[in-house]
Amino acid sequence: MKTRVRFTVNGDTIDTAIDVRATLLDFIREELRLTGTKKGCDHGQCGACTVLVDGKRSLSCLKFAASLEGRAVITIEGIGKPDALHPLQAAFIKHDAFQCGFCTSGQIMSALEVIGDPLANTCEAISEKMSGNLCRCGAYPNIVAAIMEVKSNGTV
Amino acid sequence: MEPFEFVRPTDIQDVLVAIRRPGSRILAGGTSLVDLMKLGVEAPSTVVDINALPLSMISVEGDALSIGALASNSDVAVHRAVKQHAPAVGQALLSGASGQIRNAATVGGNLLQRTRCTYFRSRDWPCNKREPGSGCAAIEGVNVGHAVLGISRSCIAVHPSDIAVALLAVDAYVHLASVAGERRIAIGDFYCQPGDTPSVETVIGPNELITKVEIPITNLNATSSYLKLRGRASYEFASASVATAILRDGDIVIDAAVAVGGLGTVPWRNRTAEKLLIGKKLTQESILAFCDALFAPASATPSNTYKLALARGAIHRTLRGGAEW
């Protein structure tokens with residue numbers, strides 16, 4: 001079954017009939033070809049598919065695209081460009097906050113919320129707030145350092 | 001995933017009509033249902049998306065705190081009135097899941113989330129909860145995380161919710177609506193122990209919708225707190241948890257509520273045992289007597305008996321500030 005749904009992705013209006021079984025993750029990767037958002041576990045455990053929905057980090061693998069009527073979605077492609085990186089993107093490069101890079105877009109989309117969280121003001125608190133994003137390369141200390149720098153300075 | 005019909009009513013009456021369809025399931029945050037549909041554990045013929053309903057309000061109404069069924073875990077956890085009148089509820093929410101899931105998950109959905117029992121979540125194993133009459137693979141299987149309270153020969157799956165434990169300690173009510181009208185149920189009467197019918201988890205009818213949760217504003221509830229013990233420091237279900245609220249006159253306990261999670265097939269509380277604390281000081285002896293009464297009906301396996309020690313430690317730590325037992 002298909003249903004009509006209207007929402008935005010990175011500011012562009014999507015108004016289309018979609019298979020009701022499609023998750024937001026599969027829709028943005030397969031239909032919109034925005035492949036920066038990664039499919040890790042596909043069961044809400046790893047955080048690789050994190051996007052913003054109405055400004056709040058959310059797991060795109062656990063949302064039916066059909067349920068997004070009226071919402072605004074931002075993916076990693078919507079926050080910076082190669083010649084104009086978001087400060088978090090620049091900080092991840094500076095602090096070597098990844099090895100293979102598969103989890104990185106999810107880490108950054110999640111960190112976008114954490115840099116605005118007044119409770120996340122120590123390395124321990126940032127680790128707690130970022131616990132929904134796994135990194136199998138184990139770059140955690142550098143990820144926390146990158147987030148801490150942006151939190152402290154606003155820029156890199 | 002099995003095909004299904006998707007409807008998105010914008011009016012509550014239309015939702016109440018839609019959920020009367022046999023095989024329908026309500027979709028709120030989706031963090032539990034979408035996952036279970038991918039696993040084939042849930043296969044609704046109709047998904048009723050209720051996200052258009054205005055049910056996310058958190059407000060003080062008279063002498064009660066009201067939390068709409070669609071309020072997100074994140075919003076409830078940091079709300080001033082929640083922190084003031086039922087701190088255990090906010091603490092329980094922040095101790096659960098991850099930031100992403102807390103943003104999407106709702107209070108109504110949290111109360112109805114299904115167990116994390118591995119055998120329930122895989123169609124490769126028998127499970128009386130998923131497929132009534134098929135048997136229970138957990139009783140003779142790996143049951144290190146399973147329940148020690150409220151179990152039956154049919155099911156030992158543990159209830160996964162943190163907030164339900166906190167809500168039990170603060171004597172919350174669950175409000176339900178159907179085309180027949182509205183009713184409210186004390187959270188203590190909301191969950192069903194498995195008995196011979198583990199697929200029946202709550203008293204909610206097939207045509208009913210949770211509309212809100214109501215927490216009485218009392219001096220006791222304002223003292224509530226939540227302690228969760230688990231296998232890793234974050235993003236993990238409880239091995240044992242405890243929600244407590246205590247009112248004292250000097251050193252003497254005049255009112256007490258203690259609910260435990262991670263141990264029961266349902267969130268667990270024993271009001272008779274709580275009476276053992278009334279009129280007493282919170283000493284090692286009085287807390288021991290309370291724990292002995294609370295856990296008297298427990299039945300553990302060699303793999304999960306550690307949960308009883310964990311829970312006793314958590315209760316001592318919460319009530320006395322020390323982890324002796």
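How many disulfides does the structure hold over all chains? The structure holds zero, a disulfide being a pair of cysteine sulfur atoms within 2.5 Å.

This is a predicted model, in which local features need pLDDT of at least 70 and side-chain atom pairs count only at pLDDT 80 or more, while totals for chains, interfaces and linings use all residues. Residues are numbered from 1 along each chain as its sequence is written, chains are lettered from A in the order in which they are written, and side-chain values use heavy atoms, without hydrogens and water.

**View 1. Cysteines Cys100(A) and Cys291(B).** The sulfur of Cys100(A) lies 3.8 Å from the closest cysteine sulfur, that of Cys137(A), which is too far for a bond. Cys100(A) is exposed at 58% relative accessibility, whereas Cys291(B) is buried at 0%. Buried means under 20% relative accessible area, exposed over 50% and partly exposed in between (1.4 Å probe, protein chains only).

**View 2. The largest nonpolar core.** A nonpolar core is a set of buried Ala, Val, Leu, Ile, Met, Phe, Trp, Tyr and Cys residues joined through side-chain atoms within 4.5 Å. This one has 65 residues, and Phe295(B) and Ile315(B) are among those with the most contacts inside it. Helix H8 (residues 163-169) of chain B gives the most to this core, seven residues; helices are DSSP runs of H or I, at least four residues, numbered from the N terminus.

**View 3. Surroundings of Phe295(B).** Leaving aside neighbours within four places in sequence, Phe295(B) is in contact (heavy atoms within 4.5 Å) with residues including Leu149(B), Val260(B) and Arg312(B).

Conventions:
Helices (H or I, at least four residues) and strands (E, at least two) are DSSP runs, numbered from the N terminus.
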